Amino acid sequence: MKAWRLRSPPALFTMSGCIGPGHGLSMVEIEQNGAMTTATAFDRNPQLVVPRRFKRNAPQVLAMAPSADTGLWLLQYMAERIGIPDLAGLDILDFGCGSRFAEAITTHDIPLRSYVGIDVYKEMIEFLTQNVNDDRLSFHHVNARNPKYNKSGDPLMPETILPIGDKRFDVICMFSVITHQLPHDAQAIFAILRRHVKESGFLFFSASLGEGDFGYREHDAEKPTELSVYSKDLLNELLEREKWRVVSIEPESPRDLPILDSILCVPA
Ligand SMILES: C[S@@+](CC[C@H](N)C(=O)[O-])C[C@H]1O[C@@H](n2cnc3c(N)ncnc32)[C@H](O)[C@@H]1O
């Protein structure tokens, strides 16, 4: 049995503006087992309905608003940080993509030239490949080892080749991905992504930063990469080593947006 209820958009949705159309009330579908999936509002049709098992965001983020909407707000925030009005005409690489930005782009018709999503979650990547009906979007699986998400994967190396040839992008993003990486994996990812950015391009990502000179620690030592915390110095060192220059760092939850500390970089 399914029930539907209407939910008002949170204040920040209207305060922060948005890319493309799609203001309005949202509907939340409550499945029998209590899990929620989301559909969309009066003025737009869902292009993509993602099963709950393919949603990788924290429960409190999923409860906050439809994934398509939180994805929209974060893409808008990223554009704002870069200093551009929107992503029109740009090639975007999303490493550790999950599914919500595909939902956001298709539901809200977000303007961009191309969006390539890469993730270790094979079934989700197959689902997106089969169900996203928009030629601008493509998805690739990488079998990278990650203690939380893919224990049996292959170790990541700076030399690891992504299945995207030598394509370079205007914007590379990672939302809630470095928050789940051991330092040597974070460094490998920074090295790998450096080969795929245009000289005029950007890297934007979230991380959990802590004060002090502790380097790196796990929020819960018993659950490695559940939440990996970095000192600013260590993060900066890893980025510099892989030829990235930090342009700006902002603390978590700007305007109540669901994002931890966020870092904007350019190729050094
Ligand atoms: C918390 S989810 C965030 C998903 C998406 N970026 C978002 O914000 O909605 C973290 C994602 O990173 C992916 N991931 C973690 N380590 C990865 C790696 N080494 N390579 C590719 N994807 C990875 C996970 O499979 C998961 O989908």
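Figure 1. Directly after α4, Asp-109 adopts a positive phi of about 50°. The structure shown here and in the following views is a predicted model. Helix α4 spans residues 100-108 and is mostly covered, with 9 of its 9 residues buried. These buried positions are Arg-100, Phe-101, Ala-102, Glu-103, Ala-104, Ile-105, Thr-106, Thr-107 and His-108. Their packing partners include the helices α3 (67-82) and α5 (122-131). The buried residues of α4 also pack against the strands β4 (91-95), β5 (114-119) and β6 (137-141).

Figure 2. Strand β5 is largely enclosed by the rest of the structure, because 5 of its 6 residues are buried. β5 pairs with β4 in the parallel sense, over 5 bridges. In this pairing, Ile-92 stands opposite Tyr-115 of β5. Together with helix α4, the strands β4 and β5 form a right-handed β-α-β unit. β5 also runs parallel to β6, to which 5 bridges join it. Within that pair, Asp-119 has His-141 of β6 as its bridge partner.

**Figure 3. The largest nonpolar core.** This core comprises 62 residues. Those with the most contacts inside the core are Leu-75, Ile-92, Val-171, Ile-172, Cys-173, Leu-203 and Phe-205. Helix α3 gives the most to the core, contributing 7 residues. When residues up to four places away in sequence are left out, Val-171 touches Ile-82, Leu-87, Leu-90 and Ile-92, as well as Gly-201, Phe-202 and Phe-204.

Figure 4. Strand β7 (residues 169-174) and strand β8 (residues 197-210) run parallel and are joined by 5 bridges. Cys-173 has Phe-204 of β8 as its bridge partner. Helix α6 (residues 183-194) lies in a right-handed β-α-β unit with β7 and β8.

Figure 5. A parallel pairing over 3 bridges links β8 with strand β10 (residues 228-231). In that pairing, Ser-208 stands opposite Val-229 of β10. In a regular strand, side chains alternate between the two faces of the sheet.

**Figure 6. The shell of residues around the ligand.** The ligand is surrounded by 20 residues. The closest of them are Gly-96, Gly-98, Ala-144, Phe-175 and Ser-176. Divided by class, the shell holds 11 nonpolar, 6 polar and 3 charged residues.

**Figure 7. The protein chain as context for the close-up views.** The secondary structure of the chain consists of 7 helices and 12 strands. The protein chain has 268 residues, of which 39% count as buried. Of the contacts between residues at least 6 apart in sequence, 61% join residues at least 24 apart.

Note on methods:
Residues numbered from 1 in each chain as written. Predicted model: local features only at pLDDT ≥ 70, side-chain atom pairs only at ≥ 80, totals over all residues. Near = placed C-beta within 6 Å. Nonpolar A, V, L, I, M, F, W, Y, C, P; charged D, E, K, R; others polar. Helix = DSSP H or I, 4+ residues; strand = E, 2+ residues; numbered from the N terminus. Buried ≥ 20, exposed ≤ 12 C-beta atoms within 10 Å, placed from the backbone. Contact = placed C-beta atoms within 7 Å. Core = buried A, V, L, I, M, F, W, Y, C linked by C-beta atoms within 7 Å. Pairing = 2+ DSSP bridges. Right-handed = clockwise from strand over helix to strand, strands pointing away.
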